[in-house]
Amino acid sequence: MMIKTLRGMKDILPDEIGIWQYVENAAKELFELFGYREIRTPILEETSLFVKGIGEGTDIVQKEMYSFKDKGGRRISLRPEGTAPVVRSYLENNLNKKEALVKLYYIGPMFRSERPQAGRQRQFHQMGIEVIGSDSFYVDAEVIYLMKAYFDRIGLAGYTIKINTLGCSKDKTGIKKELTRFLKDKTNLLCKDCKVRYKKNILRIFDCKVEGCKALLRSAPKIIDAICGDCKDHFANLKKTLESLKVDYVVDPYIVRGLDYYTKTAFEATHPNLGSQDAICAGGRYDNLVRDTGGSKTGACGFAIGQDRLIMALGSKRESEKALDLYVAVLGEVPYKEGFRLCNGLRINGVSSDMDYQNRSLKAQMRQANRRGAKYVAILGEDELQKDVIILRNMADGQQREIKINNFIDEVKKLKC
Ligand code: ATP
Ligand code: MG
């Protein structure tokens, strides 16, 4: 039996990699223009980091984490998201000592043992940013603007930006009470998961995708009506700032996101190409996470783009196989040796080149050169070697000329510039 990838995990093959490299390179470029610096944290972390940070009652912690004991008996988990590890690293490495405001980005795989379906995998990939060290609504605006600027830059059309506010922790407590009161005599109408959420983490009910629960919540008290003056101002200022930046958004009072740490701003971007798993980016402010991870109270805000879904939404493939500059076609054992030396010499001089390694006929080698899109073919047989030359054929017009072997690399380099 052939071994296959695990369920919900995928290879990204060379034919598909072009679009991955494209979205990653564009992200790096733009994030750096906005002053963010890359951070790479380990894939494995202590389980407690996520339990504390993301929240005991969340789906991620309850059902979705890949957790196990290592040989030393420590509880460890594959990271299900990037923010908690970034905050851990920020504290562990005192990143705030050099700079009061720390702006970071990450790109990498995340793991959640969910039921695999379109747009939902067990290993997926996120590109995220975090701003740690400010309470300002300008930060929230920058984060949302950067998301929009990124989508525009890579040519993604048709997305919708939805924003909401969850209030501060005090507000959240009040809202939980109101929601409990509202749902008290209606719990029989909730789905099985929401019955648990009702007891353990009631705000999560807003995140439910089941139609019955969604309908019930339409008449529930809205978070937005129950928040304090400070949080209301923050939200109003954010909206104004977004308008000044010409960011189109809609206010969606039901966004709570799947993580407990969000306070005040929560937002997401959705795309109509994706069916029911339509969120391509999610983010928000998380003013308590740094404190809850062991630091002092520090305002922070960020987002995570789901790279797999983003690529699905883009719906385009990008040519990933780069055309070869030159193909070295050789006939005979000694020419082979010389061709191999030249081929490697070209490569380290910036000319992409290849040869066949399979002892095929000249005709087969020419066909291979064509398949690889080679602009030139160098032909080297016993006769040429006798004369100390190599034939250079321009594949565009079929023109051939002889070049002295010693001058060959220099001559080809000249053609490139
Ligand atoms: P969803 O409601 O779609 O499950 P979530 O609230 O779990 O989303 P976040 O944890 O906020 O999502 O992650 C941010 C983004 O990462 C999502 O908007 C989505 O694009 C992507 N994402 C999350 N889980 C998966 C998954 N299992 N497979 C593919 N992409 C995912
Ligand atoms: Mg989820």
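Helix α1 passes helix α5 in a right-handed crossing, where right-handed means the near helix is turned clockwise from the far one by less than a right angle, and left-handed means anticlockwise. This is a predicted model, in which local features need pLDDT of at least 70 and side-chain atom pairs count only at pLDDT 80 or more, while totals for chains, interfaces and linings use all residues. Residues are numbered from 1 along each chain as its sequence is written, chains are lettered from A and ligands numbered from 1 in written order, and side-chain values use heavy atoms, leaving out hydrogens and water.

**Helices α1 and α5**

- Helix α1 covers residues 17–33 and α5 covers residues 137–153; their axes lie 10 Å apart at an angle of about 140°.
- The two helices are therefore oblique to each other (angles under 35 degrees are roughly parallel, over 145 roughly antiparallel, 65 to 115 roughly perpendicular, and the rest oblique).
- On the α1 side, the contact (heavy atoms within 4.5 Å) includes Tyr22, Val23 and Ala26, while α5 brings Leu146, Ala149, Tyr150 and Arg153.
- Of the residues in this contact, 10 are nonpolar, none polar and two charged (Ala, Val, Leu, Ile, Met, Phe, Trp, Tyr, Cys and Pro count as nonpolar, Asp, Glu, Lys and Arg as charged, and the others, Gly among them, as polar).

**Helices α12 and α15**

- Now meet α12 (residues 333–348) and α15 (residues 408–416), whose axes come within 10 Å and cross at roughly 40°.
- That angle makes α12 oblique to α15.
- The crossing of α12 past α15 is right-handed.
- Leu342, Gly345 and Leu346 of α12 touch Phe408, Ile409 and Val412 of α15.
- This contact has five nonpolar residues, one polar and no charged.

**The cavity**

- The whole structure holds one cavity of 30 Å³ or more (on a 1 Å grid over the protein atoms alone, a set of points where a 1.4 Å probe fits but cannot get out, with lining residues having an atom within 4 Å of a point).
- The largest cavity has about 30 Å³ of space, a volume being the space filled by probe spheres set on the points.
- Its lining is made up of Ile175, Glu178, Leu179, Pro221, Lys222, Ile223 and Ala226.
- Five of these lining residues are nonpolar, none polar and two charged.

Terms used
On a 1 Å grid over the protein atoms alone, a cavity is a set of points where a 1.4 Å probe fits but cannot get out, and a pocket is an open set with protein on both sides within 12 Å along at least five of seven lines; lining residues have an atom within 4 Å of a point. Axes are lines fitted to C-alpha atoms, for helices over the stretch in contact, and angles run from 0 to 180 degrees between N-to-C directions. Helices (H or I, at least four residues) and strands (E, at least two) are DSSP runs, numbered from the N terminus.
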